[in-house]
Amino acid sequence: MKLFPNSYMPLLVMYLTREGKLKLECDVKDNSHGIIASVTKEKLTEFFSEGGPVIDASNIALPQGEGNVKKFLSQMQEAGFDLSVFNPYLYLCSCKFDNNLALAIDKDNNKSLCKVIEIIQKHEPDHKEEAAFWYMLYMIMQETETLYEKEYPEDPASESESSLADWANEFNRILQRILDFSGDKLWMQPIELTKLILSQRSGGSIYNPFAGVASYATQMLMPCGDDTYSFFLNCSIGNQYYAEEIDELTWAIGKLRLMALYSDSENYDLSDSADWRGGVAGNVLSTPPFSLSITNEYGKRELADHFVIRRGMDMLAKGGLLACVVPFSFLTRGDTADVRQMMVNTGWLESVVYLPSGIFSNTNINTAIIFIRKKVHDDVTFVDGTNCAIRRGKLNILEDEKLANLLHYRNYPDFFLYDSNFSMEDELTKSDFNKLKTHRSIEFIKEADYNLAPCEYFSDVIEPSKGFKLVRLGDIVSSSSLSAGISGKGFVVKPSLLSGDGFTTLNESDLKLEDYGKGFYQITSDVVFVSAGNKLRPTIFKYSGGDVVYRRDILYALVVNSDTVLPEYLVLELKKSYVLDQLRLKYSGSSMNHLSLNNLLSIYIQVPERDRQALKVENEIVEEQKLLHFARVEKELSELKDKHHDEYVKMLRQRKHRIQQVMNEFAPAFALLDKCREKNGGILRDDDIVAARTGETVRSYFHKLHTIMHKVEDLVTNFVDKENWGTPSIVNIDSYVDDIPQHHLSDKFDIQTHHDHDVYIEEEGETADLNDDRFVNINPDDLAIIFDNIIANASKWGFTETIRRDYRIRLDVSDAAIDGKSAVRVCVSNNGNPIHPSVDRKRFFDWGYGSGTGIGTWQLKNIVEHYGGSIKLNENPEETSGFVTEYEIVLPLAYED
């Protein structure tokens, strides 16, 4: 059995559970193994988290009741099972379907279903997507009720339309989620696009070559809504739907979608559309895979979109509709010229709808719908739907009803037929109606050389500003087209070097000398480079005599007629919105957007007299520089904001760490009090000795707890105060160190102190008395943090053997010097575990580095250095006494008057 289930198993489980062909049963008597359905989603959700494999369902029994479930899960975790992804969905998905499901299925009467199970089961999962798959299932549980918990009628035919619609929508939603996470080439057509095409269909049968996951059929099977639009989409397909899909997995998912909507779908075949069904059909609907090449009936290679339209026109019944979704490139490609001529010359081409980019989850290219109806038309309707979409997440959602209305009405109507979802904001105004559609005669299209690209039919009239004239770009520039030969070595211009914003000039010094091959072109003069991709990014190149080459399929080198226009002025105009609006409908491409040279040269530029161009360039460069300056300032402010935020987060983490340090003092104190209570028969008296080693009493320990509580209260009160250091004061470091053992009482370790006066320091002509106490200028609370931190780390990480009773922390105070001036050295060492070899000593005091929070040692270094001192880590593995690890802290002395 595979531990990682197939991504498409949830769909199969949902369908089989709903049909009563798969049931969750309880069988836990005598420790036998089974699966129980009565555990609710709410009870299981708390045990569910992202990631991890699922346990074998055939070896697990799940007891009923929340308390038993928790106990059971605890036992399974102790046994080593990973229960991080635990719910009935996942159990079912991990079953061996050939054993578990075959018993519930009558193979003779369910041949299609058995075929679907066989195909889905053998589909190999992508183990790299495992965590994403579990997350997808988790989201299904969180966002919706699990479908097997719903009450479905025993007789599917009695199910209400609303529950069927809910079921179908849920099925499609989960399928889309699976496709998003699985990484397969399998994809589902946007529902809005399917609905738009179906709204235009004729009566009679439907033939659906390259059917994919049966989107057209499943949408027609959806229950009718109350609105007219939904009514027009709905029909009973019965024996009138014929479809073919050659990919096994795609077919299996499509078959399952149809069965889920109670369609036997006998005419949805696992077969090659290139064989073509033949006969007569009232509708031919298809969205063939973009750029797919097939072998046609003549044994020659042919692109699928060309094939569908060519063969589909032959099989249409009178008045029948052929609808095909194609990439923009189809509208202009040389290899589709014969089909475009056939569509136009027969008079059957009814309409062309240009679709927004980004409506498909698997590609971002521009697409269009070709509508062909077998009757003679006087003209062709062109609809610009490139902006008819609503952004939702990463996708554009097609406004299908708006486009359906544009197709349905030749002139602006008194009311719209398709208006189920219209709001005042979405409603088509008369100006938008006329702007988004146009009609062109057959003769007009022929004169355009059968070019169906939108730029031929939706060219906005540009009103030039006063003192300007409109000039076609092709009239003021020429394209450099000198071939660089088969191969060579030269300075290569790449799209990544072109300017995105601002005004920059490219020189040969900006280029790399590289080998180049076939397909490169040379330049021999100054040019303006533009990209053939999504953005022009116009950039002036100053030629200085070198061998400069570029690839003409991705870049265009424009030689500017400087007698008419300045190159600098042209670059600025090519970035203007009125130019970008002209280009919007000129891109094509089957895999990514591409701008042809002819389309680029066909745009218009506003040009003033030449003597005004230099002044305009100068003014606009100043404006661009201002904008760039503001952009830089905005970026710097944003970075400063991020920096302050990071510092604030660090400060909060540091203070949280400090509170945890203080809270850690509660545990040993309570532990000792508890031992004392047990020893004295459950009674605590003030004078009872709690720690025999130190002689501390119950009274002193409660006083210590009271002190700790006040300390925590102060820290919490000031938790979000602005970071600042405490006010320094003169502190007797020798006396302070002597008091430390009294503040850190523990039965786990002892603290010893030692003072040396071995160093004689002269300070500004004065002699320090070697027997005097030493004073430092530091805030006492900050000083406490230093020693509390070191002692807490020693207790937590160094003193781990509970049977040892000889753990010691040693504080040695001695004289030192900093830059020739008097200082005091405090060395804190312990005889516990040495620091692990894997710890990077160079990063020991870095923020966030360490076994715990990684803040403590960073905090030590910050405090010590703030008061003019230094701290370092010393290690002496040869030390026989066991005091291997030592913090050496040096602080400058401060003498009192």
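Trainee: OK, which residues does isoleucine 369 touch?
Mentor: Not counting residues up to four places away in sequence, isoleucine 369 touches Leu193, Leu196, Ile197, Cys324, Val325, Ser351, Val352, Val353 and Leu355, where contact means heavy atoms within 4.5 Å. Please keep in mind that this is a predicted model, in which local features need pLDDT of at least 70 and side-chain atom pairs count only at pLDDT 80 or more, while totals for chains, interfaces and linings use all residues. Residues are numbered from 1 along each chain as its sequence is written, and side-chain values use heavy atoms, with hydrogens and water left out.

Trainee: And how many residues are in the largest nonpolar core?
Mentor: The largest nonpolar core has 64 residues, and Ile369 is one of those with the most contacts inside it, as are Tyr8 and Leu403. Such a core is a set of buried Ala, Val, Leu, Ile, Met, Phe, Trp, Tyr and Cys residues joined through side-chain atoms within 4.5 Å, and buried means under 20% relative accessible area, with a 1.4 Å probe and protein chains only. Helix H12, residues 248-260, gives the largest share of this core, 8 residues; helices here are DSSP runs of H or I with at least four residues, strands are E runs of at least two, and both are numbered from the N terminus. Another core, of 40 residues, lies apart from it and includes Ala304 and Phe330.

Trainee: Switching topic, is helix H13 mostly covered or uncovered?
Mentor: H13 is mostly covered, since 11 of its 12 residues are buried, including Ala304, Phe307 and Met315.

Trainee: What about aspartate 384, why does it count as buried?
Mentor: Aspartate 384 counts as buried because its relative accessibility is 6%. Its place is in strand E10, residues 379-384, and its side chain makes a polar contact of 2.6 Å with that of threonine 386; a polar contact is a pair of N or O atoms within 3.5 Å, where within protein one must be able to donate a hydrogen and the other to accept it, and residues adjacent in sequence count only if both atoms are side-chain atoms. Leaving aside neighbours within four places in sequence, aspartate 384 is also in contact with residues including Tyr354 and Arg584.

Trainee: And the whole protein, how many helices and strands?
Mentor: The protein has 27 helices and 38 strands, and buried residues make up 48% of its 897 residues.

How values were computed. Buried < 20%, exposed > 50% of the residue type's maximum accessible area, 1.4 Å probe, protein only.
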